[in-house]
Amino acid sequence: MLSSKEQLFQPKRPEAGLPGVARRPVRRRRRLRIGVLRVLVLSMLITLGARLWFLQVMEGSHYNEVAAGNSIREVVTPAVRGLIVDDVGRPLVENRTTLVITVDRSALARQRDSGRAVLARVGALLGQKPQDLAQRIRLCTATVGQPCWNGSPYQPVLIADDVSSQRALTVIEHPEDYPGVAAEVRAVRTYPFGSLASHTVGYLSPASQDEVAKNPDLNGVLVGRSGLEASYDTVVRGHDGVKRVSVDRFGRLSKVMSEKPPVGGSTLVLSMDAKVQKVLEDALQHGIDRARAEHKPADNAAGVVLDAQTGQVVALASVPGYDPAQFVGGISAANYQHLLDPAAGTPLISRALEGAYPPGSAFKIVSAATAMTNMGATGDALYDCPSDLQVGNTSFHNFDSEALGSITLHQALVASCDTVFYKFAYDAWLQDGGLRRGQGPSAPPNEWFSKMARAFGLGRPTGIDLPGETSGLVTDRESRQALWDQMKDTYCRRAKTGYPEERDPGRAAYLTKLASENCADGYLYRGGDATQFAIGQNVVDVSPLQLAVAYAAIANGGTVLSPRLVKAVIGPDGKVTQQTKPVVMGHLPVAPETLSYIRDALAGVVTSGTASGTFGGFPLDVLPLGGKTGTAETYSDGDISWFASFGPVNNPRYVVLVVIPKSGQGAKFAAPAVREVWEGIYGINRDAALPAGQEPASLPCQRPDGSVAPPPAPGGRCER
Amino acid sequence: MSLGMIRALPAQRGDFARINSRRSRHQSWLLRVDWVLLLAVLALSVLGALLVWSATKQRQEDVGADPQLYLKRHLVNLVIGIGLAIVVAMIDYRYLRAYAPIVYVASLVGLAAVLFVGTTINGAKAWIVVGFGFQLQPSEFVKVALVVLMAMILGEKRDDRRVGVVNTPSHGDVLLVLGVAALPGVLILAEPDFGMAIDVIIIVLGVLAVSGAPLRWVAGLILAGALVAFFVLQFGLLKPYQLDRLTSFAKSDSNVSSSGYNVDQAKTAIASGGVLGKGLFHGPLTHGEFVPEQQTDFVFTVAGEELGFAGGAAIIGLFGIILWRGLSIAARSHDSFGRLVAVGVVCWFSFQCFVNIGMTLGIMPVTGLPLPFVSYGGSAMFANLVAIGLLQNVYARSRDDDPYPA
């Protein structure tokens, strides 16, 4: 307070005119000015307080996230993927450790020259060009394409694997020369059998940015892209360990916030047997070789060995295959192009389940079953087998235009007479009203043939535990109409424009004519189509796996099984977490006697029919087989050679099926390959892949170290 | 100017007697200390020591140095500063002010020397290394000298007992003050340390305004300052980093520039503290060294992050107490000298407080001004505590009967 004393000093009237002498307002002015200062100080403090309140209390949570984003990082310890082993525990896919060199791109970015010097040193060390390395570690964006890094910016980028320990030590011992570069041990996939069953096991590649956006846990993780690696990805992958750490401004770890240890993936035990698989792949390759020796353009083949009773897949092959090891650490563009090259047989495609081909006469089991079940045919009745059958103004003839006279259905199957089955299919088509498409006042069409085909599991995926399966094609009036509705615009456009991209003018003219016909009345299911259906031509496509399932149904007495590759799943702790039971898709609407009749006829095919020549010298008395040849005609590529078989006939155990496109007759190319497989399985003139033709009764054992031992003797237990 | 008429007034005698009867010279020194001010300063200093410790602990550990090094030095500075403050507070300021010109000249020499042998920190050549890791910043001491000198020039005549009336400072006084302030001001600008220069200008303006000098001077000076600022900006006399600092606070998303980064990190650190903070020594951003210059210019961010709104508001509140007490001491001082000293100190602290905290909150430009009592730094600590000693001195003497005892 201003003292009252000074007031007393104050003269009543100031001495006006005296220079420098204060007037009365001076004191008030001074007081006022200190008051103004108080107001200024107060408003300043309030401003600071209000701003502080706004930042910390109103916007605190937002900035909390920003702060966490600044200072919290997740470090992922990848879980070791589970093994994939065959029925006796042979690993088809296992892990090995490798020394890898990684580059932390954010660490390089912080360096004065953006890491150029470090990349140059690493390039010199690894014998790679620094500019190539720079490309591989740059982030992929909309404008920056491969080569680039598709993962998280904070995940170190792998630039070299299988590095020698000497080079790795150079990096480890000279951190001052290699800041941001690390050498570490990583588990990578290894394939002890090389390309064996490559389509079945599949390959891995790093999760893409889109996948990471959907599931952040996939950041920096390898994901199965095909085969079992894809379909059992989550089972095999396990759970990555995640360590949340707070880091400082320089990205250095300062504190571990939380830690979740990795949990290894489960082991897949397959019903597939590596030896049978090898036998099958060799047989397919020999089949191709035989065809090529006869100057056929064959360049691929597919085969299936199914357990006829359980639907378990014993072998599943498509040749050519590929070495999945190419994908470890990233496949080169040239290698990937090769896997997609049609001239090389498109090795990436698994034709056993992705390929759809007309089955030809191998389809006649369906036609015979339809005739006997729905068309009133009997086993001992005689049917005329002329050399051709006139339908409308077209003549459909037998293979080689042979006439066999009056024969039973048994003989029709054994000798593969087409005209007998044409007649049944044409009659069924006429019964259904011919060109009538299920419209109008009449009863709906029965469509016996397509119904039977679907009952055999054709025309839809088999449901095998692999991705990418085809549905195949089963045509009837309804599906023909649906297809036409969908395609008519294309047909009509092509009818006008033709196929200028087609090199072969004859083929272009053929396709244009077809488009023109389809544009006009492609919705019609014609009598000719129905006759072709009966012999598995033109309007029917099946995958080798689908047809194998159909033959398994004939063999096992009518049960249509969904095939399975994985027999059991063993958890990382060695306990069996899942055991596959046969999955029944349906039962054939066919009497057991009819099935028995067809089996008998198929046995006749091998002993005295179209395949008897192929099986000359085969001990059919010990191992009686049944089978059916198929020779499907295509416009240009040569015939598709089929042979589907099962055995032993009296107690069917396996179905063995082979298809060799672009080769020739079923009996000539596919059947010998099938014979080779049977010999391999049972050890005829060679070692048996399956002792006594038996699959192991029990599961292999997982050792505590994660490796897998063969199954114990019957009644025994796994040692733990 | 002796008129003698006031002394003749009879009513005065009893008054004198009453005041004389409780002459403070014989009073307990305990009663002559502004305890509120003292406790607020001590609280702020202790808080400051903790924050400096927290800000430097991790940084020191990272380089393998003593994590408590800054704490220890800060405490040493604090003890020396308190010692200085006690000395300054004990000696009657009417004797003490005789030393002001010496301090003034010494700091001028220091400011001049700094231009030749100084160390450049953050663009300003403002420090002289004295060894043992200690540095001197003469511009801090110049503020003490300036405050006292200005109070002498503007205040002394008005307390002339022979005149007995209160004089307003003459134009000559004002010019003299401006001259006295301009000398160090130019040297500080030459460093260049704009923040400190503006600090000096604010002190001069504040003291002039309260001294009773004609408002024309105050208004004129403000106008002149605005014109100078205009020309400086207009003709690009600022170095890019200076312009960057001045403008970065106005741009919300200026991550590209380094001061933009500083301000962003400072704001983030403070705001992420929330209401109660992350706990002392537990701020992830402080711990992670995200905020640069954190023990000096950005020390408030440690409080914001680790002590939250509670801690930040407490610091602002403590400043409120100190500044309020300073103004009260100014208001109750018997003589203009004491009053102007107090006002000068208040202007000095409030400007630095506002600019420093405002900078970390993103509402003021980035300047190199430390937060009094809290920031690490010996020179500032000494100068600030000497200033508090002066305030205590003025407080103690304002209880005395007579500024010029017979």
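Is Cys385(A) buried or exposed, and at what relative accessibility?

Modeller: Cys385(A) is buried, because its relative accessibility is 1%. Buried here means under 20% relative accessible area, exposed means over 50%, and partly exposed lies in between (1.4 Å probe, protein chains only).

Some ground rules come next. This is a predicted model: local features need pLDDT of at least 70, side-chain atom pairs count only at pLDDT 80 or more, and totals for chains, interfaces and linings use all residues. Residues are numbered from 1 along each chain as its sequence is written, chains are lettered from A and ligands numbered from 1 in the order in which they are written, and side-chain values use heavy atoms, without hydrogens or water.

Cys385(A) forms a disulfide with Cys417(A), and the two sulfur atoms are 2.0 Å apart. The cut-off for a disulfide is a pair of cysteine sulfur atoms within 2.5 Å. The link of Cys385(A) and Cys417(A) is right-handed, with 110° about the S-S bond. It connects distant parts of the chain, 32 residues apart. Cys385(A) sits in strand S13 (residues 383-385) of chain A. Cys417(A) sits in the loop between helix H16 (409-415) and helix H17 (418-431) of chain A. Helices (H or I, at least four residues) and strands (E, at least two) are DSSP runs, numbered from the N terminus. Cys417(A) also counts as buried, at 1% relative accessibility.

Over all chains, a search of the whole structure finds 2 disulfides. Cys492(A) and Cys519(A) are also joined by a disulfide, with S to S at 2.0 Å. That link is right-handed as well, with 95° about the S-S bond. Cys492(A) lies in helix H19 (residues 477-497) of chain A and Cys519(A) in helix H20 (residues 505-521) of chain A, so this pair ties together parts 27 residues apart in sequence. Cys492(A) is partly exposed, at 25% relative accessible area. Cys519(A) is partly exposed too, at 22%. Cys347(B) is buried, with a relative accessible area of 6%, and Cys353(B) is buried at 0%.

Now to a lysine. Lys628(A) belongs to strand S23 (residues 626-632) of chain A. Lys628(A) is buried yet has no salt bridge. A salt bridge needs a side-chain nitrogen of Lys or Arg within 4 Å of a carboxyl oxygen of Asp or Glu. The nearest side chain of opposite charge is Asp418(A), 7.2 Å away. For charge, Lys and Arg count as positive and Asp and Glu as negative; His and the chain ends are not counted. The side chain of Lys628(A) does make a polar contact with the side chain of Ser416(A), at 3.0 Å. A polar contact is a pair of N or O atoms within 3.5 Å; within protein, one must be able to donate a hydrogen and the other to accept it, and residues adjacent in sequence count only if both atoms are side-chain atoms. Not counting residues up to four places away in sequence, Lys628(A) touches several residues, among them Leu413(A), Ser416(A), Tyr551(A), Trp642(A) and Phe643(A). Contact means heavy atoms within 4.5 Å.

Next, a covered strand. In strand S25 (residues 654-660) of chain A, 7 of its 7 residues are buried. On one side are Tyr654(A), Val656(A), Val658(A) and Ile660(A). On the other are Val655(A), Leu657(A) and Val659(A). S25(A) pairs antiparallel with strand S11 (residues 301-307) of chain A over 6 bridges. Strands pair if DSSP finds at least two bridges between them. Gly303(A) has Val658(A) as its bridge partner in S25(A). Strand S24 (residues 640-647) of chain A also runs antiparallel to S25(A), joined by 7 bridges. There, Ser641(A) stands opposite Ile660(A). S24(A) and S25(A) make a hairpin, with 6 residues between them.

Finally, the backbone. The peptide bond from Val319(A) to Pro320(A) is cis, with omega near 5°. Pro320(A) is in the loop between strand S12 (313-319) and helix H13 (333-339) of chain A. In chain B, the bond from Glu191(B) to Pro192(B) is cis, with omega near -5°. Phe373(B) is not a glycine, yet has a positive phi of about 70°. At 1% relative accessibility, Phe373(B) is buried.
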